[in-house]
Amino acid sequence: MIDTNIVLDLLSKREPFYESSAQLFSLSDKKKLKLTVSALTFANTNYVLSKLKSAIEAREILRRFKILIKILPLNDKIIDLALNDKNFQDFEDGLQYYTAVENNQDYIITRDLKDFKNSKIPVMTSEEFLTSSE
């Protein structure tokens, strides 16, 4: 599962992280891996893109992006787990973590490892993922 920043790095071409995000999606395409994101990530991506682009452009980017990924659902159990877990400084990180747990994800790919320091799921940067997949 990939977190919001990786998606935004790719879609809004944010430097200096764009390169590794683009490589990550290229690798998944070559290996026919379906990258996953939480429903929260998809919604956050829409919000940020709509601030950077027109509403029509943002929607078209998301439409194309949706083809590349699988969106994992968010439910009451995940929200409750994240609300009650004080190990995550950021509620969004808790939601992403528990989305990964509840959907049996093998790893979380993030830009900032400290966001998920208490994760029981392997966490890696996109650079680490790319290196491990060679």
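**A close look around isoleucine 109**

A: Happy to! Bear in mind that this is a predicted model. Setting aside neighbours within four places in sequence, isoleucine 109 is in contact with Met1, Ile2, Asp3, Ile6 and Leu24, and also with Met124, Thr125, Ser126 and Phe129. Ile109 belongs to the largest nonpolar core, which has 21 residues. Together with Ile2, Leu11, Leu24, Phe25, Phe65 and Ile69, Ile109 touches the most other members of that core. At least two core residues come from each of α1 (4-11), α2 (18-30), β1 (35-38), α3 (39-52), α4 (55-68) and α7 (126-132). In soluble globular proteins, nonpolar side chains tend to be buried together. Another core, of 13 residues, lies apart from this one, and its members include Met1, Leu72, Ile108 and Ile121.

Asn104 has a phi near 55°, a positive value in a residue other than glycine. Asparagine 104 is exposed, because its relative accessible area of 66% is over the 50% cut-off.

α3 and α6 pack with their axes 9 Å apart, at an angle of about 135°. That angle makes α3 oblique to α6. On the α3 side, Leu40, Thr41 and Asn44 meet Glu92, Leu95 and Gln96 of α6. The residues of this contact divide into two nonpolar, three polar and one charged.

How values were computed: Residues are numbered from 1 along each chain as its sequence is written. This is a predicted model: local features need pLDDT of at least 70, side-chain atom pairs count only at pLDDT 80 or more; totals for chains, interfaces and linings use all residues. Side-chain values use heavy atoms; hydrogens and water are left out. A nonpolar core is a set of buried Ala, Val, Leu, Ile, Met, Phe, Trp, Tyr and Cys residues joined through side-chain atoms within 4.5 Å. Buried means under 20% relative accessible area, exposed over 50%, partly exposed in between (1.4 Å probe, protein chains only). Helices (H or I, at least four residues) and strands (E, at least two) are DSSP runs, numbered from the N terminus. Contact means heavy atoms within 4.5 Å. Axes are lines fitted to C-alpha atoms, for helices over the stretch in contact, and angles run from 0 to 180 degrees between N-to-C directions. Angles under 35 degrees count as roughly parallel, over 145 as roughly antiparallel, 65 to 115 as roughly perpendicular and the rest as oblique. Ala, Val, Leu, Ile, Met, Phe, Trp, Tyr, Cys and Pro count as nonpolar, Asp, Glu, Lys and Arg as charged, and the others, Gly among them, as polar.
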